[in-house]
Amino acid sequence: MQKLGAYLLERRDGMQTADARSAESIRICGIIENWLRTKGASDIASGGGTYDAVDHSDARFEVVRAGDGGRTWTLYRLIEVTPDGRRFDASLSVTAGATSIAVYTTLGVGTASDLINQVEVDPRCPKVIRTLLEDGDSWYHGASRLRGLTHVVGFEAGEALALDIKHEQRSVPVVVLSKMHDALAIAGLDEKLAYDLAGTANVFTVDEAASWALTDTLRKPLSCYAGAVRLYWPGCHLNDNPYRHPLWTAARLHSLDPDEHRARERFRRRLRQLILRAAAVSVTRPREIDEIRNAAARAEFAEAKGKAKSTTDFEALADLFAKENDELRLELLERDEQIAELQAKVARLESERKGLMYHLRQARPDTIAVEDDDDVGPDLGEDATADQGPPEPGEVRFYKKRFSAPTHDIMVLVGDCGHNSWQGANKADKAKNGIEKFEGTRAWRLLQHCGRCTGGGRWRVEW
Ligand SMILES: [Zn+2]
């Protein structure tokens, strides 16, 4: 069994009491059962049966329930076997735990026979996950709230997004689509990505002012602007290698296919695979599921043992143990297969990584830091764009204002304009704050402003 994707939706707000958790889990189970009925399942109460698969595969479902005191667990397992023997498995479980409700879903594919066969499948978000996400806006995954498509407008909203991106506790990938002249590089891509990645990533668009806020807070190598799309994995630090958070510039997006529709579909598929596969290996099953199931199994055995009087009773008990044993063995086997598959994947990725690092070093002997794509940057042709590290004492640097944030100007390093009309600058607090933010220090010896440069001006700083 190859795991294709996993979802964990958690609800905590208003779930303080056992009654609230019980009512909510019954309601959520109702939504899942309605979804099963739309697929043609009947007689859900009996614990299993058949339904109609879209491609006329052999389709079956089962419902398993367990409880431990006030905690409950309900599993809906759907299995479809195609005529050529491919098996698709979707398991959704609703756990009413000690403090929250968790809906844990896994998607898998395998072969019905024993043939181990790596299959290429394009995973999709099940419809019921979207229905659940649309039902109220208070779903979490770990510390992060799961959101629908969000449009970030203005510098301050952009700053808030940047803080969310670099937040240590963030547990959900963030996809940012930047705008240039109020348009995305590929029209409608934001809505499609939000649709595809529902429950596994939060998707944002940023306008130009919000892009400047990303540049200001995350620094340029980790920013996203001028029509680019960027995927920020959780655990994003300012000193990360920018390659860890993949960036597609507008030019690269356009080069995917001359036809916009096909370019959009290609990019969707790529991002879907990237993010759902990551979710498949990183989303872990809530521990309470096993606690509840183990407690329920122990209680069942204890009850049977307490009642057993005759040899026949004990034989029945032995059968029960044997059945449980078989199921556990099967689960263990599936887990072993998963581990083997993941180990193979890790080995492959590691060799790919080494290969990429090698090529990178060949291409740029001195550095592996990312350079900017100046051809798609926001009018940055004249700017010296790479970060140069902190200024040395005695060094002279030139700065230009690129954007006006509420408390400071956003500065970039530029060359000398050659005007030779440098003037003192006593006021200019926003410019000074901007240079301080850019360099991380205010310890300049002399700061001057060009009397002839227009358009935001140019600053000469002796450190
Ligand atoms: Zn000048």
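1. **Overall picture.** This is a predicted model. The chain has 463 residues, and 29% of them count as buried. Its secondary structure comes to 10 helices and 18 strands. Along the principal axes, the C-alpha atoms fill a box of roughly 105 × 50 × 40 Å. Take the contacts between residues at least 6 apart in sequence: 65% of these join residues at least 24 apart.

2. **Domains.** The domain assignment gives domain 1 (2-139), domain 2 (142-255) and domain 3 (396-462). The C-alpha centres of domain 2 and domain 3 lie 28 Å apart. Contact between these two domains involves five residues of domain 2 and four residues of domain 3.

3. **The side of domain 2 that touches domain 3.** Two helices, α3 (155-165) and α5 (208-218), each supply at least two residues to this side. The largest share comes from α5, with three residues. By class, the side has two nonpolar, one polar and two charged residues.

4. **Helix α5.** Nine of the 11 residues of α5 are buried, so the helix is largely enclosed by the rest of the structure. The buried residues are Ala-210, Ser-211, Trp-212, Ala-213, Leu-214, Thr-215, Asp-216, Thr-217 and Leu-218. After the helix comes Arg-219, whose phi is positive, near 75°.

5. **The sheet.** Strands β9, β10 and β11 also belong to an open sheet of five strands. The order is β9-β11-β10-β12-β13, and the pairing is mixed. β9 and β13 (247-248) stand at the edges, each with a single partner strand, so one side of each has no neighbour in the sheet. β9 and β11 run parallel and are joined by three bridges. In this pair, Val-152 stands opposite Val-206 of β11. Helix α4 (residues 189-196) lies across β10 and β11, at about 165° to β11.

6. **The nonpolar core.** In soluble globular proteins, nonpolar side chains tend to be buried together. In this model, the largest nonpolar core has 77 residues. Those with the most contacts inside it are Val-174, Val-175, Val-176, Leu-197 and Val-206. Helix α7 (residues 260-282) gives the most to this core, with six residues.

7. **Val-206 up close.** Leaving aside residues up to four places away in sequence, Val-206 touches Val-152, Gly-158, Leu-161, Val-176, Ser-178, Lys-179, Ser-211, Leu-214 and Cys-224. Ser-211 and Leu-214 are among the buried residues of α5.

8. **Pro-173.** Where does Pro-173 sit? Its place is in the loop between α3 and β10. Pro-173 counts as buried because it has 23 C-beta neighbours inside 10 Å, and the cut-off for buried is 20 or more. Not counting residues up to four places away in sequence, Pro-173 touches Ala-201, Leu-231, Tyr-232, Trp-233, Pro-234 and Ile-275. Pro-173 and Arg-270 are 97 residues apart in sequence, and their C-alpha atoms are 15 Å apart in space.

Conventions:
Residues are numbered from 1 along each chain as its sequence is written. This is a predicted model: local features need pLDDT of at least 70, side-chain atom pairs count only at pLDDT 80 or more; totals for chains, interfaces and linings use all residues. Helices (H or I, at least four residues) and strands (E, at least two) are DSSP runs, numbered from the N terminus. A residue is buried if 20 or more other C-beta atoms lie within 10 Å of its own, exposed if 12 or fewer, and partly exposed in between; C-beta atoms are placed from the backbone. Two residues are in contact if their C-beta atoms, placed from the backbone, lie within 7 Å. Domain bounds come from an automatic or database domain assignment. Ala, Val, Leu, Ile, Met, Phe, Trp, Tyr, Cys and Pro count as nonpolar, Asp, Glu, Lys and Arg as charged, and the others, Gly among them, as polar. A nonpolar core is a set of buried Ala, Val, Leu, Ile, Met, Phe, Trp, Tyr and Cys residues joined through C-beta atoms within 7 Å. Two strands pair if DSSP finds at least two bridges between them. Axes are lines fitted to C-alpha atoms, for helices over the stretch in contact, and angles run from 0 to 180 degrees between N-to-C directions.
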